[in-house]
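This report covers aromatic pairs and sheet architecture. The sequence and model are shown first.

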Amino acid sequence: MQIKEGYKSGFVAVVGRPNVGKSTLINALIGEKVVIMSDKPQTTRNKILCILTKDDMQVVFVDTPGIHKPLDKLGSYMVDVAQKSLREVDAILFVVDGTMKPGPGDRYIMRQTLSANKPVILLINKIDLLKKEDILPIIERYQAIYKSEAEMLNSKRAEFVAVIPLSAQKQENLASLLQEMHNLLPVGPQYYPDDMITDQPERLVAAELIREKILHHTNDELPHSIAVEIEEMKTRENGLVYIRGVVFVERESQKKIVIGNKGSLLKIIGSEARRDIQNLLGTKVYLELWVKVKKNWREQDSVLRELGFKGKEE
């Protein structure tokens, strides 16, 4: 593979607690909606590669499932994917919410990044909600915790390689992040074509966009019991893309919630998902959704494989 003179490239994992803005950041950097956004924990279930190509570098962001204590086989799979991903990248972006105090979850993620022995850039997100004089004490607090965790693990990486305050929502200071990544990444080839922004097939991205809408409109445990599969996706003669998707839940009571009164909620979910899928594909879409029950699917290896959660990482 030919390497342009001075061209930089590499793989960068994006980690952080739920709802700190990881997906918003990736979408802002890529310039397209390639990963779903939700304030529900463990939104991301598979490793997703999001590709940013510039004239002088190509950054492949690895959006991983959240690192958490697993409660079922799906959770164990997600944690395993996340931990393996940290060992395979060139650098790690550790995203924190500047409006929240550091917690046990942040310490746990720091330990995981230290164990992976990779350079870590700390990103203090949501600075648009902070006073300027509050930012430095926040940085110092995270630096002290990171140093403490490094000392306990006898790690030589006692400091972040860089600290960047930014706002993913307002797209503030993203240029500084890009410059820091260019400084950090090794000289390397362009791995993917210029126009490729994700490694995920269109079917999977469409399924994720549907699941995002369900996450927005449901509460409590239900989001974790939901999976979406695209059974059919084809372009008809008139150029319309026909998509038939199936929403899997674990109980009949959950099926009623997703469908809503006389199908009202499913119509809303379908309408919002269709709009995003049309933006992704650049063409009109006819989306048909069905809801089916697969009891305890999160504990069944065969079903997890069917839905794409097993196999790649085994």
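Three aromatic pairs turn up in a search of the whole structure. Rings of Phe, Tyr and Trp (its six-membered ring) pair if their centres lie within 6.5 Å; planes under 30 degrees apart count as stacked, over 60 as edge-to-face and the rest as tilted. The ring centres of Phe11 and Tyr191 lie 5.3 Å apart with planes at 50 degrees, so this pair is tilted. Phe11 belongs to strand 1 (residues 8-15) and Tyr191 to the loop between helix 5 (174-184) and helix 6 (202-217), so the pair ties together parts 180 residues apart in sequence. Helices (H or I, at least four residues) and strands (E, at least two) are DSSP runs, numbered from the N terminus.

Tyr146 and Phe160 form a stacked pair, 4.1 Å centre to centre with 25 degrees between the planes. Tyr146 sits in helix 4 (residues 132-152) and Phe160 in the loop between helix 4 and strand 6 (162-165), 14 residues apart.

The model is predicted: local features need pLDDT of at least 70 and side-chain atom pairs count only at pLDDT 80 or more, while totals for chains, interfaces and linings use all residues. Residues are numbered from 1 along each chain as its sequence is written, and side-chain values use heavy atoms, with hydrogens and water left out.

The table gives the accessibility of these residues; buried means under 20% relative accessible area, exposed over 50%, partly exposed in between (1.4 Å probe, protein chains only).

| Residue | Relative accessible area | Class |
|---|---|---|
| Phe11 | 22% | partly exposed |
| Tyr191 | 37% | partly exposed |
| Tyr146 | 1% | buried |
| Phe160 | 10% | buried |

Six strands make up an open sheet of mixed pairing, in the order 2-3-1-4-5-6. Two strands pair if DSSP finds at least two bridges between them. Strand 2 (48-53) and strand 6 are at the edges with a single partner strand each, so one side of each has no neighbour in the sheet. On average, neighbouring strands are turned by 25 degrees against each other, direction ignored. Seven bridges join strand 1 and strand 3 (residues 57-63) in the parallel sense; Lys8 has Met57 in strand 3 as its bridge partner.

Helix 3 (residues 104-116) lies across strand 1, strand 4 (91-97) and strand 5 (120-125), at about 175 degrees to strand 4. Axes are lines fitted to C-alpha atoms, for helices over the stretch in contact (heavy atoms within 4.5 Å), and angles run from 0 to 180 degrees between N-to-C directions. Helix 5 also packs on the sheet, and the strands it touches include strand 1 and strand 6. The direction of helix 5 makes about 105 degrees with that of strand 3.
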